[in-house]
Amino acid sequence: MRILLVGAGGTLGGAVRRALAERGHEVIGVGRSGGDVKADVTDPEAVARLYASTGRLDAVAVAAGDAVFGPLADLTAEDFAATFRGKALSQIELVRQGTRHIAPTGSFTLVSGILAEEPIASGAAASAVNGAVDAFVRAASIEIAPQRVNAVSPTVVEESLPAYGPFFRGMEAVPVSRVATAYVRSVEGAQTGRVYRVH
């Protein structure tokens, strides 16, 4: 398959890229500042240019999304707006425009996260946006068939504990390779409208 992978240069994205490439897929990595193709997917016009430049695809996968963490009392309206742009609206736009650019039976794999179900202090914006992504997947799946759309919802990964561990006190981390396996399941499988939880 020919797969567009957004966030290919990050910890999760790198693991997803390796897992897909090892299975013989052609992976086109997208990053804001690096990768095979550079694009800021929070900009709908940049998404349009991205699809125009990459040609026909079999699948699109997203392994990145920005969220603002902080006490609810300190979060501003712009913090919430930035979180929704960075993780929900960008992924929605990739699907909305992407249905015209992927194969008739192609797929989208989005990323949400455990905070949709297991909130933490200082994580209200992230919880809200993860829940939005999960809800969008369920709704979009009934409209874009036979194309498919799923989400991968991971907990914190072991490789990111130095940066994010203090936010996820008492939560068990998983190896990033386990999360990458869920992407393989979504891309190569037949299910749609699913949230694959890796907790």
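Visitor: Which helices and strands each supply at least two residues of the lining of the largest pocket?

Guide: This is a predicted model, in which local features need pLDDT of at least 70 and side-chain atom pairs pLDDT 80 or more, while totals for chains, interfaces and linings use all residues. Residues are numbered from 1 along each chain as its sequence is written, and side-chain values use heavy atoms, without hydrogens or water. The elements in question are helix H1 (11–22), strand E2 (26–31), helix H3 (77–98) and helix H4 (124–144) (DSSP runs of at least four residues for helices, at least two for strands). H3 gives the most, with 5 residues. The pocket (an open set of 1 Å grid points where a 1.4 Å probe fits, with protein on both sides within 12 Å along at least five of seven lines; lining atoms lie within 4 Å of a point) holds about 1,100 Å³ of space. Its lining comprises 46 residues, of which Ala63, Ala64, Gly65, Asp66 and Tyr164 are the closest to its centre. By class, the lining has 22 nonpolar, 20 polar and 4 charged residues, with Gly counted as polar and Pro as nonpolar.

The loop between strand E5 (102–111) and H4 is the place of Ser112. This serine counts as buried (under 20% relative accessible area, 1.4 Å probe) because its relative accessibility is 3%. Its side chain joins that of Asp134 through a polar contact of 2.6 Å (N or O atoms within 3.5 Å, one able to donate a hydrogen and the other to accept it). Beyond four places in sequence, Ser112 also touches residues including Lys87, Asn130, Val152 and Val195 (heavy atoms within 4.5 Å).

Methods. Points joined across faces, edges and corners; volume = space filled by probe spheres on them. Buried < 20%, exposed > 50% of the residue type's maximum accessible area, 1.4 Å probe, protein only.
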